[in-house]
Amino acid sequence: MSIMHDDNRIANLRDAQTKAEALFRHIERRIIRAGISEKVLSREVYDFGEREFGIKKYWHKRIVRSGPNTLLPYADSPPDRIIQEDDILIVDLGPVFESYEADFARTFVLGNDPLKIKLRDDLEPIWNKVREYFLENIHISGEQLYTVAVREATRRGWEFGAPLAGHLIGNFPHERIPKDQINLYITKGNHRPMNSLGADGHKRHWILEIYLHDHEHKIGGFFEQLLTDDDRYIFSELPSVNVRQLNALSVVYHAGLLILCLAVILLAVYMSKVLNGKISVLY
C-alpha cells in the first residue's frame, strides 16, 4: 500500500468537494428561484457549471426535485414540476473535477415555512452526529453506521427516507457500484468494516448521505458529502478518548515533532562549529 497514493487521493477528493461547495453557493445565490420547472433549473445548473467551473461530466444523473418529488427515490423519474414560492427542493450533483468525483447534495427552502426550514436545518447536524460516531468507532461496519443514521433522524422526529446512507467514492471513471455488492454501501447487510482496504490495497473513501422524510406533509430533505477517517489519530481505538481529545493530542504530537526537529538542527549546527574549531569545548 502506498501512503503517498492514499494522501494524494484524499487530497484530490477534498479538492473536488471544495469546488462542489463553491458551485452550490453560486447555485443558491444566482439560479434557484420560484416559477421555473425542475428541468429548466437542472439545465441552468449544467450550463452554469460548464461556463463558470468548466464541468463537462457528471458521474450520475443530475437531481433537481421540489415539493412532493423530494420524497421519491433516486432511481425514479417523476413528471416535471414548477417550483413554487413557498417550496422545498433538493439539488444532488456528481460533478467530475480533473478526473475526481464529487458527490454533493443540499436542500433549499423558498419562503418562510417553519417546518420546511426545520427539516433543512436538521440535516447537517444529523450528518455531523453520524460522522462523529464514525470517527469514534474505528471498526464500524456499513450496517452499524446505517443504524446510527436512522436513529439520529428518528431522535429529531423524522423518518429516515432511504434504504442506504451512503456509498464509496473515488476517481473517475470508477467501476459502477453493482447493486449486489452490498459491502460497497452504508446499508443493512454490510457487515464489513468501513475502514477495510479495497481490492487495490488502498484506503476506501465514502460519501455519507442523510435523507429526512415527512410523508404527512409531503416534504423531504437530502444532505450528502465526503466522509473520511483521516481525522482519526493513531490512538483513536481507545474508548476513553473522544474526538476533541484526539485532535488536541494530535496538535501536541505535531508540536513535539517540530520541537524535536529544531533541536536536531541546532545540535547539528553546534557540532559543526565544534569540529571546525570555532567553538572550544572544555573538559
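The exercises that follow concern a predicted model.

**Exercise 1. The chain as a whole**

Task: State how many helices and strands the protein chain has, and what share of its residues is buried.

Solution. 
Step 1. The protein chain contains 5 helices and 10 strands.
Step 2. Of its 283 residues, 45% are buried.
Step 3. A further value describes the contacts between residues at least 6 apart in sequence: 63% of these join residues at least 24 apart.

**Exercise 2. Confidence in the model**

Solution. 
Step 1. Begin with the average: the protein chain has a mean pLDDT of 84, and 82% of the residues score at least 70.
Step 2. Where pLDDT is low, the predicted coordinates should not be read in detail.

**Exercise 3. Helix lengths**

Solution. 
Step 1. Just after α2, Gly-54 takes a positive phi of about 70°.

**Exercise 4. The faces of helix α3**

Task: Identify the buried residues of α3 and describe the setting of Asp-121.

Solution. 
Step 1. The buried residues of α3 are Lys-116, Leu-119, Asp-122, Leu-123, Ile-126, Trp-127, Val-130, Phe-134 and Leu-135.
Step 2. The side chains of Asp-121 and Arg-120 are joined by a polar contact of 2.8 Å.
Step 3. At the start of α3, a side-chain oxygen of Asp-113 comes to within 3.0 Å of the backbone nitrogen of Leu-115.

**Exercise 5. A histidine in a loop**

Task: Decide whether His-60 is buried or exposed, and list what it touches.

Solution. 
Step 1. His-60 is located in the loop between α2 (38-53) and β1 (63-66).
Step 2. The cut-off for a buried residue is under 20% relative accessible area. His-60 has 11% relative accessibility and therefore counts as buried.
Step 3. Leaving aside residues up to four places away in sequence, His-60 touches Tyr-74, Asp-92, Leu-93, Gly-94 and Asp-103.
Step 4. With Asp-103 there is a polar contact between the two side chains, at 2.9 Å.

**Exercise 6. The β9–β10 hairpin**

Task: Describe how strands β9 and β10 are joined, and characterise the turn between them.

Solution. 
Step 1. Strand β9 (residues 205-214) runs antiparallel to β10, and 9 bridges join them. Within this pairing, Ile-207 stands opposite Leu-226 in β10.
Step 2. The two strands form a hairpin with 4 residues between them.
Step 3. Lys-218 lies in the loop between β9 and β10. Although Lys-218 is not a glycine, it has a positive phi of about 60°.
Step 4. With a relative accessible area of 54%, Lys-218 is exposed. In strand β10 (residues 219-227), by contrast, 9 of the 9 residues are buried, so the strand is largely enclosed by the rest of the structure.

**Exercise 7. Aromatic pairs**

Task: Classify the ring pair formed by Phe-24 and Phe-104.

Solution. 
Step 1. The model has 7 aromatic pairs.
Step 2. The ring centres of Phe-24 and Phe-104 are 4.9 Å apart and the planes stand at 70°, so this pair is edge-to-face.
Step 3. The pair links distant parts of the chain, for Phe-24 belongs to helix α1 (residues 3-30) and Phe-104 to strand β5 (residues 104-109), 80 residues apart.
Step 4. Both Phe-24 and Phe-104 are buried.
Step 5. Elsewhere, ring pairs link Tyr-146, Phe-160, Tyr-211 and Phe-222 into a cluster.

Terms used:
Residues numbered from 1 in each chain as written. Heavy atoms only, no water. Buried < 20%, exposed > 50% of the residue type's maximum accessible area, 1.4 Å probe, protein only. Pairing = 2+ DSSP bridges. Polar contact = N/O pair within 3.5 Å; in protein donor to acceptor, adjacent residues only side chain to side chain. Contact = heavy atoms within 4.5 Å. pLDDT = per-residue confidence, 0-100. Phe/Tyr/Trp six-rings, centres within 6.5 Å; stacked < 30°, edge-to-face > 60°.
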